[in-house]
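Student: Please walk me through this model, one question at a time.
Tutor: Gladly. Here it is.

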Amino acid sequence: MKFDGRKASRVKMDHRQPVNLMGSDGTWRRRCVLLDVSQSGAKIEVEGTLDVLQAKEFFMLLSSTGLAYRRCELVWIDGTTAGVHFVTADGKKKPAGAPAPAQTAVQSK
């Protein structure tokens, strides 16, 4: 489903999908809820302070063990809600039509 004039189709979560954000150096971690997701980015609701997101780049841990994750770049913040772009291994933003790696797929139950 496309909304907000975005290029990539977004999947809106029907239930609260808990994920964690972690600094790229591993020095901080924040709980958050995945609100919607696409091939190129996601909208999240962060618990606690957002000051750590000023780092601009961090990891979104999609599993409790941290084995499924996405490298992210902060795009916007509005209150406790934030938008992120997924970054590829070569440091570029992930194009909207590019397939997601299998280990990072988010599944709704």
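**Strands, core and pairs**

Tutor: L21 lies in strand β1, a strand being a DSSP run of E over at least two residues, numbered from the N terminus. This is a predicted model: local features need pLDDT of at least 70, side-chain atom pairs count only at pLDDT 80 or more, and totals for chains, interfaces and linings use all residues. Residues are numbered from 1 along each chain as its sequence is written, and side-chain values use heavy atoms, with hydrogens and water left out.

Student: Is L21 buried or exposed?
Tutor: Buried means under 20% relative accessible area, exposed over 50%, and partly exposed in between, with a 1.4 Å probe and protein chains only. L21 has 0% relative accessibility. L21 therefore counts as buried.

Student: How many helices and strands are in the protein chain?
Tutor: Helices are DSSP runs of H or I with at least four residues. From the N terminus on, the elements run β-β-β-β-β-β. The count is zero helices and six strands.

Student: How many residues does the largest nonpolar core have?
Tutor: Such a core is a set of buried Ala, Val, Leu, Ile, Met, Phe, Trp, Tyr and Cys residues joined through side-chain atoms within 4.5 Å. Those with the most contacts inside it are L21, L34, I44, L53, F58, M60 and V84. The core has 22 residues.

Student: Which strands each supply at least two residues of this core?
Tutor: Nonpolar side chains tend to be buried together in soluble globular proteins. Here the suppliers are β1 (11-23), β2 (29-37), β3 (41-46), β4 (57-61), β5 (69-78) and β6 (81-86).

Student: Over how many bridges do β1 and β2 pair?
Tutor: Two strands pair if DSSP finds at least two bridges between them. In this pair, N20 stands opposite R31 in β2. The hairpin has five residues between the strands, and G26 takes a positive phi near 80°. The sense is antiparallel, and the bridges number eight.

Student: In β6, what is the bridge partner of I44?
Tutor: β3 and β6 run antiparallel, joined by five bridges. The bridge partner of I44 is A82.

Student: Why is β6 largely enclosed by the rest of the structure?
Tutor: β6 also pairs with β5, in the antiparallel sense over six bridges. D78 stands opposite T81 in β6. β6 is largely enclosed because the buried share of its six residues is five.

Student: How many disulfides are there?
Tutor: A disulfide is a pair of cysteine sulfur atoms within 2.5 Å. By this rule the count is zero. C32 is in no disulfide, and the nearest cysteine sulfur, that of C72, is 8.8 Å away. The sulfur of C72 is therefore too far for a bond, at 8.8 Å.

Student: Which strands does the aromatic pair of F59 and Y69 tie together?
Tutor: Rings of Phe, Tyr and Trp (its six-membered ring) pair if their centres lie within 6.5 Å; planes under 30 degrees apart count as stacked, over 60 as edge-to-face and the rest as tilted. By this rule there are two aromatic pairs. F59 and Y69 form one that is edge-to-face, at 5.5 Å centre to centre and 85° between the planes. The pair links parts that are 10 residues apart in sequence, so the strands tied together are β4 and β5.

Student: At what distance from the ring centre of F86 does R70 lie?
Tutor: A charge sits over a ring if NZ of Lys or CZ of Arg is within 6 Å of the ring centre and within 35 degrees of the ring normal. R70 lies over the face of F86, at 4.1 Å.

Student: What is phi of K56 near?
Tutor: Most residues other than glycine have a negative phi. K56 lies in the loop between β3 and β4, and is partly exposed with a relative accessible area of 49%. Phi of K56 is positive, near 75°.
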